[in-house]
Structure formats: structure tokens, C-alpha cells
Amino acid sequence: MMHSTVVSRWFAMAKDDAVEIDHDDINHEATTNMWSFSPTDEETPQIHAAEIVEFISQVIAARSSALIGEDMLFYCWHDAQCRQLRYSLVSRSHGRLPFRCALRETQDLALIVDRVVNGDWRNENYLQDAPEQGDEQEPAPFILPVFVVAVP
């Protein structure tokens with residue numbers, strides 16, 4: 001059960017949203033079905049990772065009920081630049097997700113949620129410059145972790 005009024009409000013807004021199905025255009029489908037969430041500074045202390053896992057799980061359940069007979073992928077990720085938790089749906093017939101970067105798909109929703117809630121929203125030092133390390137090292141290649149599950 002969601003206890004925070006913020007997360008309850010997010011669920012009330014998102015639970016019954018219509019899903020666009022477009023087998024010909026993955027980008028149209030993805031952008032039309034995308035939701036993004038981020039708390040205000042005042043709301044952040046109310047947000048906890050376990051509650052966000054429950055929120056996303058309830059959205060998945062609602063989408064699964066609404067999409068009986070359709071083959072879709074629900075996916076969720078942390079948009080670090082926008083500081084948002086995002087999710088969307090695309091048809092499985094596309095055979096891929098609509099990202100143009102390397103992905104690490106996971107079925108561990110808590111991994112994504114912990115990254116956004118504790119690593120970003122509740123982290124006062126998020127995106128602060130790291131102390132200089134002396135010798136410059138090659139930055140690691142960017143790989144986006146994405147939670148993916150088939151619905152219904």
C-alpha cells in the first residue's frame with residue numbers, strides 16, 4: 001500500500017492512461033506511452049524506494065489488465081539528466097526498445113528504483129563534480145540500465 005500522498009497522486013494520474021499501439025513506429029509508440037516522475041524538493045523526504053517499487057508494480061498490473069490480447073513491453077529507467085523516473089510501453093513486435101545507446105536490461109525493478117530514489121532524489125551530492133584524481137582516466141562507456149517486463 002502506498003503511504004505517500006505524492007506517490008498515490010502519481011498512481012491516480014497514471015493508472016488508467018490509454019496506451020497507444022503503433023506497430024509501424026516504435027518512437028511514436030514510446031513517446032506517446034511515456035510517463036515521467038520527479039518530486040519537488042518538499043516532496044522528496046516523503047519518497048522511499050520500496051513505495052516506488054510498489055507504485056511501478058501497480059502500474060504494471062493495471063497495464064496488464066488493460067492490454068489483454070496485446071504483446072507489449074513495459075520498461076522503466078532513470079533519466080539522469082532530467083532527474084526523472086520514466087516508464088513507457090512498446091509493442092513486442094518491434095523486437096527492441098527505442099533507445100540509441102547500449103542497454104543493460106534487467107528484471108530487477110529495485111535496481112532502477114534505488115538508482116533514482118537513493119542515488120539521485122535523496123542524494124544531496126547528485127551530479128556534483130568529483131574531486132580531481134590526478135591522472136585522467138578514460139571514462140567508462142555509458143550503458144543505460146532498463147527494467148523490462150512483458151505485458152500482459
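This is a predicted model: local features need pLDDT of at least 70, side-chain atom pairs count only at pLDDT 80 or more; totals for chains, interfaces and linings use all residues.

Modeller: Residues are numbered from 1 along each chain as its sequence is written, and side-chain values use heavy atoms, with hydrogens and water left out.

Biologist: How many of the residues of strand E3 are buried?

Modeller: Strands (E, at least two residues) and helices (H or I, at least four) are DSSP runs, numbered from the N terminus. Buried means under 20% relative accessible area with a 1.4 Å probe, protein chains only; over 50% is exposed, and in between is partly exposed. Gln84, Arg86, Ser88 and Val90 point one way from E3, and Leu85, Tyr87, Leu89 and Ser91 point the other way. For E3, residues 84–91, the buried count is eight of eight.

Biologist: Which residue of E3 is the bridge partner of serine 36?

Modeller: Strand E1 (residues 35–37) and E3 run antiparallel and are joined by three bridges. The partner of serine 36 in E3 is arginine 86.

Biologist: Which residues touch the most other members of the largest nonpolar core?

Modeller: A nonpolar core is a set of buried Ala, Val, Leu, Ile, Met, Phe, Trp, Tyr and Cys residues joined through side-chain atoms within 4.5 Å. The largest one has 29 residues, and those touching the most other members are Trp10, Ile52, Ile56, Phe74, Cys76 and Tyr87.
At least two residues each come from helix H1 (5–14), E1, helix H3 (49–66), E2, E3, helix H4 (109–121) and strand E5 (143–151).

Biologist: What kind of aromatic pair do phenylalanine 37 and phenylalanine 55 form?

Modeller: Rings of Phe, Tyr and Trp (its six-membered ring) pair if their centres lie within 6.5 Å; planes under 30 degrees apart count as stacked, over 60 as edge-to-face and the rest as tilted. Here the centres are 5.1 Å apart and the planes are at 85 degrees, so by that rule the pair is edge-to-face.

Biologist: Why does this pair tie together parts that are apart in sequence?

Modeller: Both phenylalanine 37 and phenylalanine 55 are buried. Phenylalanine 37 lies in strand E1 and phenylalanine 55 in helix H3, so the separation of the parts tied together is 18 residues.

Methods
Two strands pair if DSSP finds at least two bridges between them.
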